[in-house]
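Have the structure open while you read.

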Amino acid sequence: MGGQAVLRWVAVAPGIALRGRLGDQAIGFHPRCGLQWGLVALDALLAPGVHMIELIATIPGGQKVTTSVPLDVNAGDYETETIWLDSATQSLLDPALIRAENQRLNVLIAEVAGPPLWRGPFQRPMATPITSLFGTRRSWNGGPVTSYHEGIDFDGQIGDEIHAAAEGRVILAERLTVRGNAVFLDHGAGVVSGYFHMSELDVKPGQLVQPGDLLGKIGATGLVTGPHLHWELRVNGRWVDPGPWLTRGYP
Ligand SMILES: [Zn+2]
């Protein structure tokens with residue numbers, strides 16, 4: 001359904017390179033057990049219906065063969081919530097500020113490549129309760145629904161420890177305007193996790209972290225109504241629900 005990452009396995013003869021495309025999304029494939037697997041991110045607002053994934057195989061010698069496989073997408077069942085902000089926090093909703101920060105992050109995340117670093121399910125970054133799920137449609141100060149929640153929020157007190165969900169390399173650890181003190185981890189295979197609103201950063205860009213390593217501490221920096229961890233997962237640059245990644249392995 002919309003907002004999920006889906007896994008596709010393809011059997012190809014040895015020596016054939018495979019890549020895929022869904023709209024403007026580039027899909028990488030990786031070998032495992034004699035097959036190749038790729039992750040397809042379905043946008044949370046993707047129109048329900050059948051979408052076609054284009055597969056491009058390059059055979060030794062350079063000739064390309066293209067085929068399409070159907071993917072049936074349903075809308076998903078997401079709630080709507082209203083968030084009330086004071087005027088100082090509301091100023092962070094300035095579209096120019098949000099756009100500038102997003103553009104910089106999109107460039108950074110578009111550069112991630114390489115083989116998968118993780119194995120099996122991801123770990124929860126915190127053991128505290130979840131206070132807001134992925135995909136919840138959001139209204140700001142009673143206005144129309146203009147966006148959705150791009151991650152999962154964990155409850156916590158300022159100073160509580162935040163841990164890496166899986167092995168990855170730190171690609172950003174710094175103060176951002178909207179996201180506050182933020183860490184992004186590159187897990188390889190186009191998968192990136194983000195941890196926002198921290199009071200303290202305990203990692204540096206370039207550092208390789210293992211599952212459970214300390215990344216920082218809970219805070220209330222950036223666009224927030226109180227201390228919490230916002231944790232998000234991107235696949236091929238698109239937000240997906242991190243929830244299923246905690247209970248099953250991809251692949
Ligand atoms: Zn959040």
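Leaving aside its neighbours within four places in sequence, which residues is valine 112 in contact with?

1. They are Ile171, Asp186, Gly190 and Val192. Keep in mind that you're looking at a predicted model. To find valine 112 itself, go to the loop between α2 (95-110) and β8 (130-132).

2. Valine 112 counts as buried, because its relative accessibility is 16% and the cut-off for buried is under 20%. Have a look at histidine 187 too: 75 residues separate it from valine 112 in sequence, yet the two C-alpha atoms are 8.8 Å apart in space.

3. Next, the zinc ion. His149 (NE2), Asp153 (OD) and His230 (ND1) coordinate it, at 2.0 to 2.1 Å. Along the sequence, these donor residues follow the spacing H-x3-D-x76-H. Histidine 149 and aspartate 153 are both buried.

4. Now for the largest pocket, with a volume of about 820 Å³. Its lining is made up of 29 residues, and the ones nearest the centre are Arg138, Trp140, Glu150, Val178 and Leu223. By type, the lining splits into twelve nonpolar, ten polar and seven charged residues.

5. Which element gives the most to the lining of the largest pocket? That's α2, with four residues. Several elements supply at least two lining residues each, among them β7 (80-83), β9 (137-140), β10 (145-148), β15 (191-198) and β19 (229-235). β8, at one end of the loop that holds valine 112, is also on that list.

Note on methods. Residues are numbered from 1 along each chain as its sequence is written. This is a predicted model: local features need pLDDT of at least 70, side-chain atom pairs count only at pLDDT 80 or more; totals for chains, interfaces and linings use all residues. Side-chain values use heavy atoms; hydrogens and water are left out. Buried means under 20% relative accessible area, exposed over 50%, partly exposed in between (1.4 Å probe, protein chains only). Contact means heavy atoms within 4.5 Å. On a 1 Å grid over the protein atoms alone, a cavity is a set of points where a 1.4 Å probe fits but cannot get out, and a pocket is an open set with protein on both sides within 12 Å along at least five of seven lines; lining residues have an atom within 4 Å of a point. Grid points are joined across faces, edges and corners, and a volume is the space filled by probe spheres set on the points. Ala, Val, Leu, Ile, Met, Phe, Trp, Tyr, Cys and Pro count as nonpolar, Asp, Glu, Lys and Arg as charged, and the others, Gly among them, as polar. Donors are N, O and S atoms within 2.8 Å of the metal (3.2 Å for Na, K and Ca); water is not among the atoms, so sites may look incomplete.
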